[in-house]
Amino acid sequence: MGADGSRDARRVAFRVLAACTRGQRLDRALDTRAGALSPRDRHWVHALAYGVARLRGRLDYTIALHARRGPERLDAAVLDLLRMGAYQLHYMEGVPAYAAVSSTVELARAAGAGRAAGLINAVLRASARAGSPADAFPSRETDPEGHLTHWHSHPGWLVRRWLARWRATATEALLRHDNGVPGLFFRPVGIEPEPALERLRAAGLTATAAGLGSGCLRLAAGTDPARVLGAVPGVIQDPGAALVARYAEPPPGALVADLCAAPGGKALVLSERAGYVLAADLSPPRLKLLTGSALRLGARVGAVVADAGAAPVRRADLVLVDAPCSGTGTLARRPDVRWRLTETDPARMAGVQSRLLAGASRAVSVGGLLVYSTCTLEPEENVDVVEGFLSRHPEFRREAPEDMDPEVMDDRGHLCVLPQSTGFDGTFAARMRRVR
């Protein structure tokens, strides 16, 4: 995968991974540290950093096979260096084995970890000789949980949670999806998909329909998003997110309040049918991205800094609460999230979500719609939040829109997009109408 990286690229990659180990989001760590690199080196750093995040569990198991101390007993910087070196050895075809080893040892000395240079050299050389074969890991047949946890690089608690809901084959399909490079998708705004495809082709860009009623186009790998946005009005958006706007389906000319809106993709898609969209969020920098996109598209969208639990509007025809969540449906796009989550996070997030949903519901007009959505796969944050809300708010009734593809709907009328069956980001949404 890619050519060998420069010395500067390796140093930046190490800083990115170290920041991520300290708790910073991977995308932000990359944005703040890789900006001065050449496009080639920036691409290389992205491939390495995201690859290490995706396969961290597999890399740690590989390292443990050759280190006298387990990964949990190694200094954080040394472990980051070993992960970098092991990933280059086994998963970056353009990097010769000698370069992966020697450059990592050199980087250790430059980073102040010179005392561990011998350990790093020995572990990486042993790993280079042995390779990283699947048969060195727990067996799928005799230890399916261990196999899924270590070979497919996910926390054990998350694997156990998913195995309790799905068969091992479906769980493995989900883990494979999470460890792949996610697709790049485009949602045209103000233009139908077929004319948008024609305009993209005229601009020399390759795309195909994503399907399942999402209205999205799948862009060819390596496509420059800026060229797409310059050729056709729209937003870069995963079909899972686009399906939330389709599921919400505001009446033509409606007043819509999107109360957890930034960075704004759903608000911009909703503006196609709405008379006006009020987009609220607690993050001024992220709202700035939204207002810039709205100006570019000429969308009827206004932004305000506000908490969804205290809606900045008295009455709206449609209120969307795209709630903060554990994000387990987006682990392909945000691979570092799996290592920051804890077993108690879904229940903790459910408390936040319930508060936001209850507060937002007060802004829904009689006869209007309340749509609750997340990008998590966890029932506590999805179905359980909705059931709890409906039990406390008899003025709302659950309903399902017409003409949604059955593959993305559950038996209660919820939007339920599963990555392992669709290839899209995982998404959930419930649609509720205020009847009095």
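The following legends describe close-up views of a predicted model. Residues are numbered from 1 along each chain as its sequence is written, and side-chain values use heavy atoms, with hydrogens and water left out. Local features need pLDDT of at least 70 and side-chain atom pairs pLDDT 80 or more, whereas totals for chains, interfaces and linings use all residues.

**View 1. Helix α1 and its surroundings.** Helix α1 spans residues 7-21; helices (H or I, at least four residues) and strands (E, at least two) are DSSP runs, numbered from the N terminus. Its 15 residues reach 21 Å from the first C-alpha to the last, close to the 21 Å expected at 1.5 Å a residue, where the expected span is 1.5 Å times one less than the number of residues. The buried residues of α1 include Ala 9, Val 12, Ala 13 and Phe 14; buried means under 20% relative accessible area, exposed over 50% and partly exposed in between (1.4 Å probe, protein chains only). Among the elements that cover them are α2 (26-33) and α3 (39-54). After α1 comes Gly 23, with a positive phi near 115 degrees.

**View 2. The largest nonpolar core.** A nonpolar core is a set of buried Ala, Val, Leu, Ile, Met, Phe, Trp, Tyr and Cys residues joined through side-chain atoms within 4.5 Å. The largest has 48 residues, of which Val 45, Leu 48, Leu 82 and Ile 120 touch the most other members. Helices α1, α2, α3, α4 (56-66), α5, α6 and α7 (117-130) each supply at least two residues of this core. Apart from it lies another core, of 39 residues, including Cys 216 and Leu 415.

**View 3. Two aromatic pairs.** Rings of Phe, Tyr and Trp (its six-membered ring) pair if their centres lie within 6.5 Å; planes under 30 degrees apart count as stacked, over 60 as edge-to-face and the rest as tilted. The structure holds 6 such pairs. Trp 162 and Trp 166 form a tilted pair, 6.3 Å centre to centre with 55 degrees between the planes. Phe 185 and Phe 424 form an edge-to-face pair, at 5.8 Å and 80 degrees. Phe 185 lies in strand β1 (residues 184-188) and Phe 424 in the loop between α19 (419-422) and β12 (427-434), so this pair ties together parts that are 239 residues apart in sequence. Both Phe 185 and Phe 424 are buried.

View 4. Tyr 61, Phe 137 and Trp 151 form one aromatic cluster. Arg 58 lies over the face of Trp 151, at 3.6 Å from the ring centre; a charge sits over a ring if NZ of Lys or CZ of Arg is within 6 Å of the ring centre and within 35 degrees of the ring normal.

Note on methods
Contact = heavy atoms within 4.5 Å.
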